[in-house]
Amino acid sequence: MALISHQIDSEGGHDELDFEFLDTNGTLQTNVFAGDKGGREELVDLGFDPSKDFHTYLILWTSQKVEFQVDGRPVRVFSNKGRKDFFSKPMMVEASIWNGTWAGEVDWTKAPFIGQYQSFSIDGHKTNNSTLPCDSLP
């Protein structure tokens, strides 16, 4: 199965942060697409079937880094390190199930596929100055 669950995406260009569940075998792919540059996918073995129970997935985005966490455990860190292609645009959150054909074939005999989300929240800081870093999050 190659179904994607949720992402953070920008308008007017392409910045994107993804949690992509490639199967129920515990394979998670994180994706960082920044400054219209991709090719930064990384696979993570969760060690469990994410479809069997609810888990906590967190993306911590500051001016220094983007950290992907699963159940409070960091699974990937994408550091800024003075990158010119680091995230610079406001983002929006999307949650969906879709057929990412690049990740393999979907076994449609197992349909319907249902995504369930609970306790969704966004914590952040609003600023009128787009150059002001917002790093006071925990």
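User: Before we count anything, what is a salt bridge here?
Analyst: A salt bridge is a side-chain nitrogen of Lys or Arg within 4 Å of a carboxyl oxygen of Asp or Glu. Keep in mind that this is a predicted model.

User: OK, how many salt bridges by that rule?
Analyst: The count comes to 2.

User: Which residue does Glu42 meet in a salt bridge?
Analyst: Arg76. Their side chains come to 3.5 Å, N to O.

User: And which parts does that pair tie together?
Analyst: Glu42 sits in strand 4 (residues 42-45), and Arg76 in strand 7 (residues 73-79). The pair therefore links parts that are 34 residues apart in sequence.

User: Is Arg76 buried or exposed?
Analyst: Arg76 counts as buried, because its relative accessibility is 6% and the cut-off for buried is under 20%. Glu42 has 38%, so Glu42 counts as partly exposed.

User: What about Glu67, which residue does it bridge to?
Analyst: Glu67 forms a salt bridge with Lys65. The closest N and O atoms are 3.0 Å apart. Glu67 counts as buried at 9% relative accessibility, while Lys65 is partly exposed at 26%.

User: What stands opposite Glu67 in strand 6?
Analyst: Leu60 does.

User: So how do strand 5 and strand 6 pair?
Analyst: In the antiparallel sense, over 5 bridges. Strand 5 covers residues 57-61 and strand 6 covers residues 65-70. A hairpin of 3 residues joins strand 5 to strand 6.

User: New topic. How many residues are in the largest nonpolar core?
Analyst: It has 15 residues. Leu28, Val32, Val66, Phe68 and Phe87 have the most contacts inside it.

User: Which strands each supply at least two residues of this core?
Analyst: Strand 2 (16-21), strand 3 (27-33), strand 6 and strand 7.

User: Why do nonpolar side chains end up together?
Analyst: In soluble globular proteins, they tend to be buried together.

User: Back to Leu28. What does Leu28 touch?
Analyst: Leaving out residues up to four places away in sequence, Leu28 touches Phe19, Glu20, Phe21, Glu42, Leu43, Val44, Leu46 and Val70. Glu42 in that list is also the salt-bridge partner of Arg76.

User: Last one. Which residues form the nonpolar patch on the surface?
Analyst: Val93, Phe120 and Ile122. Together they have about 330 Å² of accessible area.

User: Where is Val93 found?
Analyst: In strand 8 (residues 91-99). Val93 counts as partly exposed, because its relative accessibility is 40%.

Definitions and conventions: Residues numbered from 1 in each chain as written. Predicted model: local features only at pLDDT ≥ 70, side-chain atom pairs only at ≥ 80, totals over all residues. Heavy atoms only, no water. Patch = residues over 30% accessible without salt bridge, like charges linked within 9 Å, V, L, I, M, F, W, Y side chains within 5 Å. Areas by Shrake-Rupley, 256 points an atom, 1.4 Å probe, with all protein chains shown as cover. Helix = DSSP H or I, 4+ residues; strand = E, 2+ residues; numbered from the N terminus. Buried < 20%, exposed > 50% of the residue type's maximum accessible area, 1.4 Å probe, protein only. Pairing = 2+ DSSP bridges. Core = buried A, V, L, I, M, F, W, Y, C linked by side-chain atoms within 4.5 Å. Contact = heavy atoms within 4.5 Å.
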